[in-house]
Amino acid sequence: MNRTIIIGTVALLTALSPQTLWAQIYKDRHAPIEERVEDLLSCMTLEEKVLQLHQRTIGKNKNSNNIGEKIKDIPAGIGSLIYYEDWPEVRNDMQKKAMEESRLGIPIVFGYDAIHGYRTIYPIPLAQACAWNPSLAEKACAVSAREARMSGVDWTFSPMIDVARDPRWGRVAEGYGEDPYTNGVFAAASVRGYQGNKMDSKENVAACLKHYVGYGASEAGRDYVYTEISRQTLWDTYLPPYEMGVKAGAATVMSAFNDISGTPATAHPYALKEILKGQWAFDGVIVSDWAAVKQLVPQGFASSLKEASLKSIRAGLDIDMVSEGYLNHLAELVKEGSVPMEEVDEAVRRVLRLKFRLGLFERPYTPESSESERFLRPQDVAIAERLAEESMVLLKNKDNILPLTAGKRIALIGPMAKEQEALLGSWKGQGKAEDVTSIWEGMRKEIGEPDSLLLYAKGCDFEKEDESGFAEARAVAGKADIVVLCLGEKRSWSGENASRSTIALPNIQERLAEEMQKTGKPIVLLLSNGRPLELCRIEPLCDAILEIWQPGIAGGRPVAGILTGRINPSGKLAMTFPYSTGQIPVYYNRRGSARRHQGFYQDITSNPLYSFGYGLSYTTFEYGTPRATATTIGKDGTVTVGVEVTNTGQYDGTETVHWYVSDPYCSITRPLKELKYFEKQLIKAGETRKFHFHIDPLRDLGYVDGSGKRFVESGEYVISVGKEQIKIEVK
Ligand code: BGC
């Protein structure tokens, strides 16, 4: 370079403010993300940084808990918003304000709760788990991501992967049941589905693993309350799904509302800083749950919003969702020296990284599109329908009463028969009741004309004591060959803030079942609900029971397909159905008792009515003897176990094989058995198929102690599959 050029360059550089220089770099789409983040961060003021960590709402909110805000009230430099509209217009207007009126033109990231679909609503997550088909769940998440992103949402607050063993807790509907591994598998599948290979595509969104951590342990199923969780249980039960979700590349995590043995999750340094950001090297964003920073005050952990903000940021919480604690106190906390600037920078760095990863600097606006381009495309509805089919669980089928034989006159009785809204389940996103096929409509279409084969009476409402419809229900049942009794829960009975002291159906519904039994007609019970139910009184009254969950828009179509035999049910429970509420908590992966022959309930059975993994088919499967490639292995060796499964019945059927591991004696006691792998295959009638489980001793046979260290001990392990077992020795 000659002298003149050097002098010229130096002069030019001196003339440009540092901000202009940096601005050129962070706006360069070809620069590496980390460089862009650092460039931008270095030219932000403290006030601008604080705004990036502040989240509010925008748009019309259909959830009565939360009130949306208008553009004019929102500062241009805000970091993120929860977006309640279902089209991009309002987003784009607000984004324009951010891009044009804020000093640095940092785009806003818009989040929303698309939990089991955005507009094309598929079954609740608990039901999805019962389908044991993570790749189908992944496809459903991809549909949800596409609909959301095209409507102005960049970030979904999903999946919820809180292991839950108390069905009184309404939020069991939102997760994948009682097993840590199952929750982890679906966490990873959801992350893949939402985020795809590249989050900056026009059809992907950032995922959010929630609620970190242990929210499912809420005492007695009451929402938002204390949770007693030892470090060992944290590692055994509640952390594994998050570790799997983080490994799958989740972009964000939401902290939980619960108090974990004295330290609320919102401000839990061990969970947030040490494990998530430290041990697991998570480089994404941690957002609080709704107003959770503020709620540290009623939780007794902070005496003011300022102290709550101090404890949260210092514990590693990046974004304050709607509390306004960071907004009002963070700058002051930094200025007085209570919060180091580096900690604010670290939080902002993560928010900016998310925005770059989402491609928001390049494409801040969402193109306008018609509803039909975005929503309910036939191929997306087909996924929702298949997922619903596979999630339904046949719990009872006395004398093979199902599938129904053609030509029978069917009486559809009960408050669920013509419901659409209830079948959507909680967190229905932008779903609409009119999109849902009711059970009645599904049956009408399935059996076609004549309608004379399908009769109907509501019988009673979901609750209250009005029996005035019983007489009509009895009369209609009297004219039919079979009663299909449609009972269950209203949409609002499960989900957030929907705890119940009993998981039995309301008395009026049980009485309707008794009335139907008195008619002497065979009874097929269809149940739509967001949690396991207490069925000990109803079960003996029915010949068959089909758990249809809250199936989303497909609703009655798969139900009708199963009743008529077009579809062979293949769902298996991901959460135990207790015999009665008093047994709660009852789950399969408990630890052994000191006296295995004693300690039972004196008044009822100690066994649940239907255990984890239970579910019938129209066909029968026979498991062969499992075989292993070796019966003794070293700690760093591997072994594959396999089993042949034969379809011995008349129908083609799909079987999910569950592989469990037990470590009968260990330095710390282990659960009686733990699910470590599952696989689902279609097996034609008469056909035999092979299933395999590739065992990595440390991952599958080992355990994590209370400090997070993983071990595998020498000794004998039992691998069970169906009713079969095989032993493996680790040396
Ligand atoms: C829920 C979260 C949800 C958030 C935002 C909270 O009340 O616990 O699951 O993501 O609201 O809507």
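A polar contact here is a pair of N or O atoms within 3.5 Å; within protein, one must be able to donate a hydrogen and the other to accept it, and residues adjacent in sequence count only if both atoms are side-chain atoms. The side chain of Asp435 makes such a contact with the side chain of Arg119, at 2.8 Å.

Before going further, note that this is a predicted model, in which local features need pLDDT of at least 70 and side-chain atom pairs count only at pLDDT 80 or more, while totals for chains, interfaces and linings use all residues. Residues are numbered from 1 along each chain as its sequence is written, and side-chain values use heavy atoms, with hydrogens and water left out.

**Around the ligand**

Let's turn to the ligand. Its surroundings (residues with a heavy atom within 4 Å of it) include Asp113, Phe157, Met254, Trp290 and Glu496. By class, this shell holds six nonpolar, one polar and five charged residues. Ala, Val, Leu, Ile, Met, Phe, Trp, Tyr, Cys and Pro count as nonpolar, Asp, Glu, Lys and Arg as charged, and the others, Gly among them, as polar.

| Side chain | Distance to a ligand oxygen atom |
|---|---|
| Arg171 | 2.7 Å |
| Lys210 | 2.8 Å |
| His211 | 2.7 Å |

The protein covers 96% of the 310 Å² of accessible area that the ligand has on its own, as found by the Shrake-Rupley method with a 1.4 Å probe.

**Two loop residues**

Asp435 sits in the loop between α17 (421–424) and α18 (439–447); helices are DSSP runs of H or I with at least four residues, strands are runs of E with at least two, and both are numbered from the N terminus. Asp435 counts as buried because its relative accessible area is 18%, where buried means under 20%, exposed over 50% and partly exposed in between (1.4 Å probe, protein chains only). Leaving out residues up to four places away in sequence, Asp435 touches Arg119, Leu376 and Ile553, with contact meaning heavy atoms within 4.5 Å.

Ser492, in the loop between β15 and α20, is exposed because its relative accessibility is 54%. Ser492 and Ser426 are 66 residues apart in sequence and 6.2 Å apart in space, C-alpha to C-alpha.

**Helix α20**

Buried residues of α20 include Ile508, Leu512 and Met516. The buried residues of this helix pack against β13 (410–413), α19 (470–479), β15 (482–488) and β16 (523–528). After α20 comes Gly520, with a positive phi near 80°.
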